[in-house]
Amino acid sequence: MVKALPSLGAMPFYHLNSDTIWIDGVKSNLVRLAEGFDPAKMDALLLLAATSSSVGYSGRGDFTMAPDGRLRRRSEREVAPFVYAGVAILSPTLFAGAPSGAFSLNLLFDRAIAAGRFYGLRLEGVWMHVGTPDAIAAAEAAILASAA
């Protein structure tokens, strides 16, 4: 992404992981993210799924969310109610001072958390993690069930 920033321009942009899908609720989650993003106070707005109702996910969650949407990472021994759904709107300002080589986006996420500029939005609908063969089967079953 750092290499692509000159082509992306100064506006916030969507970032989507390839191992995630979801079924929207009443309103598109991508539209909700765009409407919820406030560049004056946010460097990142992540779409979050409830760990309790996610399909194909069995982890301990990633984040807790304050009433204003600010995110905090779960501690090592904690169970968090939300998992990053693999979709976000990111501001190019998030990448200021980013390493030039390969690095984890979590480095920038942690910096935004420390600055109070890291927010989340709860997904409306059903989120499915499809990063493993077992998770793919569970997602296929959920999609078929939603179409019935």
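In helix α3 (residues 105-114), the buried residues are Leu105, Leu108, Phe109 and Ala112; buried means under 20% relative accessible area with a 1.4 Å probe, protein chains only. They lie on the same side of α3 because they cover an arc of only 105° around the axis, taken from the directions from the helix axis to the C-beta atoms. Helices (H or I, at least four residues) and strands (E, at least two) are DSSP runs, numbered from the N terminus.

The model is predicted: local features need pLDDT of at least 70 and side-chain atom pairs pLDDT 80 or more, whereas totals for chains, interfaces and linings use all residues. Residues are numbered from 1 along each chain, and side-chain values use heavy atoms, without hydrogens and water.

The cover over the buried residues of α3 includes the strands tabulated here.

| Strand | Residues |
|---|---|
| β1 | 13-16 |
| β3 | 44-50 |
| β5 | 71-73 |
| β6 | 82-90 |
| β7 | 118-122 |

At the start of α3, a side-chain oxygen of Ser104 comes to within 3.0 Å of the backbone nitrogen of Asn106. Gly116, which follows α3, has a positive phi near 75°.

Leaving aside neighbours within four places in sequence, Leu90 has contacts (heavy atoms within 4.5 Å) with residues including Met1, Phe95, Leu105 and Phe109.

The protein chain contains four helices and eight strands. Its radius of gyration, over C-alpha atoms, is 16 Å, close to the 15 Å from the globule rule (2.2 Å times the number of residues to the power 0.38) for 148 residues, so the chain is as compact as a globular protein of that length.

Technical notes
Buried < 20%, exposed > 50% of the residue type's maximum accessible area, 1.4 Å probe, protein only. Polar contact = N/O pair within 3.5 Å; in protein donor to acceptor, adjacent residues only side chain to side chain.
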